[in-house]
Structures are given as C-alpha cells and as structure tokens.
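Visitor: May we go through this entry together, beginning with the chain as a whole and then turning to details?

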Amino acid sequence: MKFQSVRGMNDVGDKDIHLWRHVEQKVRKLYEDFGFSQVITPEVEPTELFKRGVGETSDIVEKEMYTFTDRNGDSLTLRPEGTASVVRAVIQHNWMYENSTLKLYYFMPMFRHERPQKGRFRLHYQFGLEIFGVADPGADVEVLSMQSLLFKSLGLKDITLQINSIGDNSCRPAFRELLLEELNKIKDKLCADCHRRMDKNPLRVFDCKIETCKSAVKNMPTQLEHLCADCEKHFSGVKSGLDNLGVKYKINPHIVRGLDYYSRTCFEFTTDRIGSQGTVCGGGRYDYLFEEFGGKSTPAFGVGMGFERLLMLLEDKKADAQPKPNLALVYADEDGRAYCQKLAYKLRERDLYVDLDLEGRSVKSQFKRANKIHAKYVIAVGSREVNESRGKIKNMATTQENEIVLGLEEEDLQRIMEEVRS
Ligand SMILES: [Zn+2]
Ligand SMILES: [Zn+2]
C-alpha cells in the first residue's frame, strides 16, 4: 500500500527546504531585531474561540474550518489563523500584566479547507506579528515599516503597501447606517453572499470577489470619508510616520476588515505576481478584540503573512539558498580516511560545515561530489600527507592550491579554519 499526503497539504524537503530555511531565518532575525519574541500555541483550540475571534460570518468559519468532536464530545478546530490563539494565550497567562507593550511573533501552520490552487493550500504556514498595548500610530508605523524592510531585504521590489482606516466605535455606527442605505439602493446588483453581509457586516461587501459586486460598490461611500476627528488624527499619524521613514504606500479605501473588533488602520501588501488576489500579507488594528475575549481593553495591531506565498515570489533565489560546505575532505586510502574522519569531527565541533564521503568512493568521484555540492575548499589526504603532516588545500572557485600544515592540534585546526573562511 502506497500512501499520499492529504490533498492541499504539502511535504517540504529536498531542493525546497533550503529556501524555506533561508527565508524563515531572515524573517525571524528581522522580527527579533525589532524586539518581537516568539510565541507558539497549540494546533487545536475550542471551536468557539475561532467563531468569536474570526467571526461567524467569515468565509473561514462558515466554509473552511477543520472542526471535529474529540473523545470527550468537545468541539475542537484545527487553527485556521493565528491572532485568536495568541490573544487567548495573552489573556490566559496575563502576559500584559508585566508589560505595558508586548511584541509577539509566531511562525505556525494554519489549516483551512479551501479549494487547493496556486498559492492556496489546506495546510499553510504563516508568520504573524502582534503588538499589544499601544494605541499610538507609532505601533502601526513600526510594523508596516518593518514589513516593508523585510521585502526590501529579500530583494522584492514589486510589492505595494496599501493602507486604509475603517474608523472606530464612535464614527463607524453612523457610517454603517449610511452605507446600508446606499447599498439598499443597488441591492439587486449584489450577490446572495453580499445580501447576507449587508445583514451582518455591511463593510464586508467591499471584500466580495465577484466582478459585478466589485463594480457595483465602487462608488459607495467609504469609511475613510467619514472618520471622526480622533480617527482622522490617528490615520494622519500613520501616514506621516511612514513618510518620515520613506516607506511608500497607497491609500485604498476599499481595504476593509469586516469584524466589529477591528478598528482604524488596515492594510495589505500586494503584488500582481501571484494570481488574482496577490495579497502577500495583511492585517491591521483590532483594539476591541481583548474585550470580545473577556480581557481588559487593550489596543492591538497585527499582521499575518502566508509563508508559501512569500516563497513563491523568491523562486529565483533557490540555488543561492542551498548551504555550501566550507570544506570537503577527500581521502586517497585508509590512513587518509581515518585522518579525515578525525579532522572533520573536530572542525564540525568548531561550527564548520565539512563534507566527507561515507561510501568509500574513488578520489575522482569524491572530487566530483565536492564540485556538485559547491564546496568552497577541498583538502585531499593520503598516507603520505598523514606521515608528512602537510598537504594542499584547493580553492574550488579559483582552482588555486596552497600548501597547508595538517595536524589535529588546536593551532592546526585554527590555521585550516582561517584558510577556509578567507
Ligand atoms: Zn457579492
Ligand atoms: Zn472614529
């Protein structure tokens, strides 16, 4: 019996894992340089958490969750997104108690029963960030500028930041009434999904993917035109903060987050390189979620970034991402082999990536292999080199060979390490 992975759920290995690891480390490093620390939450949560945190009317909750009943009869769900779990953890462990500002990031698998297609999987990884405790637009600016820096440092130039403000509890209710009034006038042009959205979350009609709906709502009033003075000031703060750092952005009043606990800034980083949607990452402010979860009122700003989608944009970096050994050791006979084994062991102990054949291959095919895996240097050792304690080290790029003392004392190891790191 041969088994296959579940549809829409991928293995990552072989030639793909190097780019994965390279980018993962880059993202982590940048996030940590900005003072974010990692959080890991369980893959499974009570179903109710996501109904509350993602919203009963969202596509995720309505159509895409992996929900099951466990042996105790409890309804559990495989995590479809990260924020609900992280906020749950922060409240549960009282992490805001000692921190007036809390900066967390996660890198976790998410599960959604979507129709698998390019860039959309049923299991996908997400990097996410959350800043808790900061109402000031400075938090928004820090996260947006950091994401922008990330794309720049990965060499991605064709990504656009689009921002919007969706108001707060003081200006949104009146706008909602106004929008609903206008939507009712064009109701017959909207799809059944949009009719439902009008009942529950009229703002979400701007999210509809259907072309006729898109053009029907094009001239509807937007929240951005109806912000209260405080929201106006906040949005100005975001814009001037980005200007100050030279981060480019476009204002798009149709970027929305349809749930009541979202507020003010929302954003997307988009590209036209990956399919119709093209969103690489998105998020925004959710100042009312803590209360929704029974916590103390806490301003919050978050980002979610689909990791596989990011990797799709970096396909051309694959070859560079493959780790290359600093040194390959080639042995000519048994004496040479025994020495190489000891030398490799000691150099690896000193954090050097050393390659050594395990199969007893010929010198020629060992050299061939060193070439194939792009070893930077090669030292070839036989019984003569072992007896004389000297040999040659070859720079594979320039093919230049230098004499080198071969030994196993600390000074010998240091000399070899200096040579291969130069
Ligand atoms: Zn629609
Ligand atoms: Zn407002």
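This is a predicted model: local features need pLDDT of at least 70, side-chain atom pairs count only at pLDDT 80 or more; totals for chains, interfaces and linings use all residues.

Visitor: What radius of gyration does the chain have, against that of a compact globule of 422 residues?
Guide: For a compact globule of 422 residues, a value near 22 Å would apply. The C-alpha trace spans about 90 × 60 × 45 Å along its principal axes. The radius of gyration of the chain is 28 Å.

Visitor: Which share of the contacts with a separation of 6 or more joins residues 24 or more positions apart?
Guide: The chain contains 16 helices and 16 strands, and 50% of its 422 residues count as buried. Among contacts with a separation of 6 or more, the share from residues 24 or more positions apart is 70%.

Visitor: Which geometry does the site of the zinc ion (ligand 1) have?
Guide: The protein donors are the SG atoms of C191, C194, C208 and C213, at 2.3 to 2.4 Å from the zinc ion. Along the chain, these donors follow the spacing C-x2-C-x13-C-x4-C. The angles among the four donor atoms are 106 to 115°, and the site is tetrahedral.

Visitor: Is C208 buried or exposed?
Guide: C208 lies in the loop between α7 and α8, 14 residues from C194 in helix α7. C194 has 0% relative accessibility and is therefore buried. The cut-off for this class is under 20% relative accessible area. Because its relative accessibility is 4%, C208 counts as buried.

How values were computed. Residues are numbered from 1 along each chain as its sequence is written. Chains are lettered from A and ligands numbered from 1 in the order in which they are written. Side-chain values use heavy atoms; hydrogens and water are left out. Donors are N, O and S atoms within 2.8 Å of the metal (3.2 Å for Na, K and Ca); water is not among the atoms, so sites may look incomplete. Four donors count as tetrahedral if all angles lie between 85 and 135 degrees; four count as square planar and six as octahedral if opposite donors are over 155 degrees apart and all others between 65 and 115; anything else is irregular. Helices (H or I, at least four residues) and strands (E, at least two) are DSSP runs, numbered from the N terminus. Buried means under 20% relative accessible area, exposed over 50%, partly exposed in between (1.4 Å probe, protein chains only). The radius of gyration is taken over C-alpha atoms; the globule rule is 2.2 Å times the number of residues to the power 0.38. Contact means heavy atoms within 4.5 Å.
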